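Good morning, and thank you for joining.

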Amino acid sequence: MKRTRSIAIAFIIACFTHSVLSQSIIHKVEPPNWWTNHSWNPIRLLIHGKNLQGARVVSHHNGVQIGLVSINQSGTYAFVDLHIDKNAGLGNVSLELSTHDEQEQIPFSLQKPLTREGRFQGISSDDVIYLLMPDRFANGDASNDNPSQSAGLCNRLKTRYYHGGDFQGIIDKLPYLKDLGVTALWLNPIYDNHNALNEKEIYDEGPITDYHGYGAVDFYGVEEHFGDFDLFRKLVDQAHAHGIKVVMDQVANHTSPYHRWVKDPPTPTWYNGSEGQHLKNVWQTWTLNDPYASDAAQKDTLEGWFIDILPDLNQNDKETALYLIQNSLWWIGVSGIDAIRQDTLPYVPRSYWRDWAKAVKKEYPHFILLGEMFDGDPAKVSFYQGGRSRFDGIDSGIDALFDFPLFYKIRDAFAKQKSLREAVIALSKDWLYENPELLVTFLGLHDVARFMNEENATVEGLKLAYTFLMTTRGVPLIYYGDEIAMPGGGDPDNRRDFPGGWPDDERNAFYESGRTEQEQSVLKHVQTLASLRRTMAPLRGGRLVHLVINDQEYVYARILDKHAAIIAINNFNEWKNLLVPVHTLGLDDGLILRDCLKIHSDVRIDKQFISIKLPPRSGIFLCNNN
């Protein structure tokens, strides 16, 4: 009798255990919401859970129909297509997932689209972009320095730990950015990162944190050290209220090695390779625009894992590509951002960029896509700008690129005091681009040592570089802290905290009273140039004309109708007298030009020439009164 009871109890326990284990438990639904009357329809839900084998999905919501339902082999992911009628009801959508005798509601909602006015604006040569790292700019809310789910990762004494910068700090400093002349704000990625130390990437200090944002573990999550989604949305709205657009940094190339997909990918080919067996990236980007390269020659560069650590997403897997495209559309739609900066552009198949760009532009025609092709060769960089099909038959659809070829020449000329002529030669390659006016020009950013770290760099050289940056063609970018001549070597030294962004800082460089005389002189110069650019149309959209090109002297003009701006730069350490021909500009003899930088006296056009006397390492800005 006792044996019979034991068997019965064991049977009951076994049945209960089987019932519990067989239940479908939904862990996450991506995307969590969508919109009616959206151009991307149907949408494909990625449902993460367990024991999903044989799952069925039904909709009890008017206007939402179920299409494809596909379960991966391990039963941990379900792909579900939702066809959304334009008149479907808003709010929570009644979707039911069932396996065997178990049923569970799928959390998903339909929302009203954000109003278009003042959102999704794109960027142009009218803008001045400011790049900042959220963790290193300003700490506006100390309560998120040590979140419970990721405690112990914030330590300002460690260069690769979180330092406490956040969304609230950025919101608080928006008046500073507006006063500086900034019209667009680029934030490094805000994705949710690993909640512990990154033991896979170790330097002298030991394991690191992914404070920089480029190691996503959740593409639909927000890093808790920065704030939450609602605060990010507030940041975007507040920036727009200050006349500042927002550029979101996104990463389609790779994930964190701690992403749940690494151990359990939704499809067998979600990544290129696996944690145990994959290619290592060899950085041979020249093979990617080589018309004679074989697939084998390109494979390590397109499919290799960065630093042999970062898992490389496979955009040739249809499900991976759909997921990433929808993710970009979701972020745009829920936040109201104006542009996307896409990281590591060349390491993703160009066919994906074509499809991604088409999807984004179909819904948001004014939106701008900015890609990073980190190379000094304009032939390589220009290959990725959209506007026409290349030899591979693909138009990438990418609007704007970073002008790395010009960046290197700017550094050489103004920091290292090498030939200025080389910068002009770099500009002469603009015929390679479909739209050189949308190239983003810069003196520095988060992946290179700061301008002031270069050997022979001086404040005079920095100010002269800014004169060039703000007056030549393109969209100028300021890297946070460069407006006050912050020093900094390679990563992570180039990512120092902005002085004054933390309550216990010794000084506050967000205010003139907290700046040194040198810092104030640079910032004031940048403000002046940004103001001139804002008020003078030729600087934003005028044609560029080279007038004098010597090894260390360069005179050029920006012309728009009868409005002219003539910029003369002396990069030499001695005074220079220049006789400048202006007959190609269509300006009348006798016209008086004044120096908006108040360095040179007024200049009169005489027989289609102007005579200029330039102090050492200086630039002047001549304009007419039309």
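Two strands are said to pair if DSSP finds at least two bridges between them. Helices (H or I, at least four residues) and strands (E, at least two) are DSSP runs, numbered from the N terminus. What we have here is a predicted model, in which local features need pLDDT of at least 70 and side-chain atom pairs count only at pLDDT 80 or more, while totals for chains, interfaces and linings use all residues. Residues are numbered from 1 along each chain as its sequence is written, and side-chain values use heavy atoms, with hydrogens and water left out.

Let me start with a sheet. Three strands form an open sheet in the order E2-E10-E7, and their pairing is mixed. At its edges lie strand E2 (33-35) and strand E7 (91-92), each of which pairs on one side only. E2 and strand E10 (residues 109-111) run parallel and are joined by three bridges. Within this region, Trp 34 stands opposite Leu 110 in E10.

I turn now to the salt bridges. A salt bridge here is a side-chain nitrogen of Lys or Arg within 4 Å of a carboxyl oxygen of Asp or Glu. By that rule, the count is 35 salt bridges.

One of them joins the side chains of Arg 156 and Asp 505, at 3.1 Å from N to O. This pair links distant parts of the chain, 349 residues apart: Arg 156 belongs to the loop between helix H2 (134-137) and helix H3 (167-172), and Asp 505 to the loop between strand E22 (475-479) and helix H14 (517-535). For accessibility, buried means under 20% relative accessible area, exposed over 50%, and partly exposed in between, with a 1.4 Å probe and protein chains only. Arg 156 is partly exposed at 30%, and Asp 505 is partly exposed at 21%. Both residues also belong to a network of salt bridges that links Arg 156, Asp 497, Asp 504 and Asp 505.

A second example is the salt bridge between Asp 399 and Lys 361, at 2.8 Å from N to O. Again the pair links distant parts of the chain, 38 residues apart, with Asp 399 in the loop between helix H10 (378-382) and strand E20 (400-401) and Lys 361 in helix H9 (residues 350-363). Asp 399 is buried at 17%, whereas Lys 361 is partly exposed at 23%.

Are the partners in the salt bridge of Lys 380 and Asp 375 buried or exposed? Lys 380 is buried, at 16% relative accessibility, and Asp 375 is buried as well, at 14%. Their N to O distance is 3.3 Å.

Finally, the pockets. On a 1 Å grid over the protein atoms alone, a pocket is an open set of points where a 1.4 Å probe fits, with protein on both sides within 12 Å along at least five of seven lines; lining residues have an atom within 4 Å of a point. The largest pocket is lined by 26 residues, and Phe 306, Leu 310, Asp 447, Asp 491 and Arg 495 lie nearest its centre. Strand E14 (residues 198-203) gives the most to this lining, with three residues.

The second largest pocket has 16 lining residues, and closest to its centre are Leu 288, Gln 298, Leu 302, Arg 350 and Asp 392. Helix H7 (295-303) and H9 each supply at least two residues of that lining.

Thank you; I welcome your questions.
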